[in-house]
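This report covers a single chain, from its overall dimensions down to its side-chain contacts. The sequence and the model are shown first.

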Amino acid sequence: MSLKSLLTAAALQGVAEARARIFGHILNPTGKRSPHKILRKKLIGDKVAQWYPYDIKNDDPLVLAREEKQRLAKLEMLKRRGKGPPKKGQGKRATKRNK
């Protein structure tokens with residue numbers, strides 16, 4: 001390699017680094033895969049959350065208590081009929097393993 005080609009390569013690299021610094025780009029001279037493209041995107045969580053109306057029920061502890069009481073009553077009724085959830089370690093997977 002000649003001195004001129006070394007100097008032009010160094011100058012081009014310097015220009016590329018300066019351009020990246022000025023415009024806020026990420027320099028990737030090797031061309032390897034990088035997650036930067038994904039990380040650069042704006043987050044959409046807030047936008048999605050705006051689609052759904054605010055649930056007032058979460059503010060009122062009386063409503064939450066009533067819903068919890070209804071849930072427990074339904075669970076108790078299912079247990080009496082034998083349709084409740086199995087005890088820990090006696091579900092489908094555990095019974096499959098014993099066969």
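## Terms and basis

A residue is called buried under 20% relative accessible area, exposed over 50%, and partly exposed in between, with a 1.4 Å probe and protein chains only. The model is predicted: local features need pLDDT of at least 70, side-chain atom pairs count only at pLDDT 80 or more, and totals for chains, interfaces and linings use all residues. Residues are numbered from 1 along each chain as its sequence is written, and side-chain values use heavy atoms, with hydrogens and water left out.

## Confidence

The predictor's confidence in each residue, pLDDT, runs from 0 to 100. Its mean over the chain is 88, and 97% of the residues reach 70 or more. Among the elements, helix H4 (residues 61–81) has the highest mean pLDDT, 95. The lowest, 78, belongs to helix H5 (residues 92–98).

## Overall form

The chain holds 5 helices and 0 strands; these are DSSP runs numbered from the N terminus, with helices being H or I of at least four residues and strands E of at least two. Read from the N terminus, the order of elements is α-α-α-α-α.

What radius of gyration does the chain have, against that of a compact globule of 99 residues? The chain has 31 Å, whereas the globule would have a value near 13 Å. The radius is taken over C-alpha atoms, and the globule rule is 2.2 Å times the number of residues to the power 0.38. Along the principal axes, the C-alpha atoms fill a box of roughly 90 × 50 × 15 Å.

Of the 99 residues, 3% are buried. The chain exposes about 10,400 Å², of which carbon and sulfur atoms supply 60%; accessible areas come from the Shrake-Rupley method with a 1.4 Å probe, and for residues only the protein chains shown count as cover.

Helix H1 (residues 3–23) has 21 residues and spans 30 Å from its first C-alpha to its last, close to the 30 Å expected at 1.5 Å a residue. The expected span is 1.5 Å times one less than the number of residues. Just after H1, Gly24 takes a positive phi of about 75°.

H4 also has 21 residues and reaches 30 Å between its end C-alpha atoms, close to the 30 Å expected. Gly82 follows H4 and has a positive phi, near 80°.

## Salt bridges

A salt bridge here is a side-chain nitrogen of Lys or Arg within 4 Å of a carboxyl oxygen of Asp or Glu. The count by this rule is 3. One of them joins Lys57 and Glu67 at 3.2 Å, N to O. Lys57 lies in the loop between helix H3 (45–51) and H4, and Glu67 lies in H4, so this pair ties together parts that are 10 residues apart in sequence. Lys57 is partly exposed at 38% relative accessibility, and Glu67 is partly exposed at 32%.

Arg71 pairs with Glu68, with the closest N and O atoms 2.8 Å apart. Both lie in H4, 3 residues apart, about one turn of the helix. Glu68 is partly exposed, with a relative accessible area of 36%, and Arg71 is partly exposed at 46%. Arg80 and Glu76 form a salt bridge at 3.9 Å between the closest N and O atoms. They too lie in H4, 4 residues apart. An α-helix has 3.6 residues a turn, so residues three or four places apart point the same way. Arg80 counts as exposed because its relative accessibility is 64%, whereas Glu76 is partly exposed at 41%.

## Nonpolar surface patch

Leu3, Leu6 and Leu7 form a nonpolar patch on the surface, with about 330 Å² of accessible area together. Patches are made of residues with over 30% relative accessible area and no salt bridge: like charges are joined within 9 Å, and nonpolar side chains (Val, Leu, Ile, Met, Phe, Trp, Tyr) within 5 Å. Leu7 is found in H1 and counts as exposed, at 55% relative accessibility.
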